[in-house]
Amino acid sequence: MSQMPQQAALAKCPSCAEPLESGDLFCGACGYDLSVPAAPQDHPTLTMTGSAGPGDGVDWPAPEPAGSSSTQPAAHRSTDVPGTDSGGNALHHEEQAAPGVRFDRRPEPDEYPLQAPDPRASAGPAASSAPAGPAAAPDAADPAQVCVACRAGRVDEDGYCENCGHAQPRERDRMERESGPVAAVSDRGLRHHRNEDAFAVAHTALPDGSPATLAIVCDGVSSATRPDEASMAASQAAVDTLLAALPRGTHPQAAMHEAIVAAAQAVNSLAEEPEAAREHDPHQNSPACTIVGAIVTGGLLVVGWVGDSRVYWVPDDRSAPPARLTEDDSWAAQMVAAGLMSEAQAYADERAHAITGWLGADAYELEPHTAAFKPDRPGVVLVCTDGLWNYAETAEEMAEVVPADAAARPLHSAQVLVGHALDGGGHDNVTVAVVPFPAPPQGAVSA
């Protein structure tokens, strides 16, 4: 078995240098405990001040002369000069030091940026065994699961961070599209948790080869179930119908009517749920949305709508009057039409935006509105939801915020208009499509 090492006898007391006798446990003069080992003498291997000795290999700086300054001489750290390790290799101070206390640590920042976890760590053993280097293809889906706010937590199936609870941006929070000369922008706004608006823009050609541009904008009814799905289904069904009807020679006004009917059918189909789903929540409303659209072809402008989304006409010559081309299916519009209230009084009422027409299985009766116009000068057509026109309600107010070069830069103009609504408060989803009139000459290419 092992034994504890025995301490050798000391000739003199390490404390007072009094001679000792063999077997003494304490010094008879000062009482020093002789069982405590004496500290070894220090034999430094490097000269820390003055010139280095021969063979040291390090050019250490000389200390400041004594009394040359009222402050203490500057301390020199090992990181201030190059050095080598015991094997003669150059030291790299960026490498992690051995465990222990360091006195040459860099100042620590007040805050540390949070770094996203390595995607390979969450991919399991199969990913860790994959070869490293350029040949290893990264998992494209994994980075999308890292929270954009804290950059550390994972995102659950509902779109929220499991670490900080932050809601993740959705694809529909901000949408921008161009199709030939027409462009549209949709934004979630500053108050809503999701974007319930949707749009579709496209360009095609009539049988004679003349160009046609079109835009559809839908606004989901927030009090209904799945309004975001309703607006998306309606806008896509409407534009698909127009792209099929216009090239085969259907009159644009008739094509617009067909498009609204097709959009209504698409929204109605969303309400066809299993009986078990209805029994689980029997009080939910069917999906619903509004719709508004415009077709520009030749010298003709056709609009169609159901609900309170609008179309505005703004001429390039701002000395000419702008115009609103649609009438709202809303409580306020009915009060004004019946002569019971002025427009200012009606839209100041809390019931002003209660719609009286919409697409959906719960709608009373589908009554698509269509109208055709022949403007006598160039300009732009604005197709928008109330998230925009709430901040520029009259045609004159809308014309003031439309950029002068809107016909030449429709996407930029749509961005400016959405920005105007956001600067005004962004209380609702905001969507606008900008369609130049007349349609610029172009090839017959469908979007």
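In strand β11, Val 381 is the bridge partner of Trp 313. Welcome to this predicted model, in which local features need pLDDT of at least 70, side-chain atom pairs count only at pLDDT 80 or more, and totals for chains, interfaces and linings use all residues. Residues are numbered from 1 along each chain as its sequence is written, and side-chain values use heavy atoms, with hydrogens and water left out.

Let us stay with β11, residues 379-384. Strands here are DSSP runs of E with at least two residues, helices are runs of H or I with at least four, and both are numbered from the N terminus. Two strands pair if DSSP finds at least two bridges between them.

Six of the six residues of β11 are buried, meaning under 20% relative accessible area with a 1.4 Å probe, protein chains only (exposed is over 50%, partly exposed in between).

Now for helix α3, residues 252-270. Its buried residues include Pro 252, Met 256, Ile 260, Val 267 and Leu 270. Among the elements covering the buried residues of α3 are α2 (227-245), β4 (211-220) and β5 (288-297), where contact means heavy atoms within 4.5 Å.

Note on methods. The expected span of a helix is 1.5 Å times one less than its number of residues.
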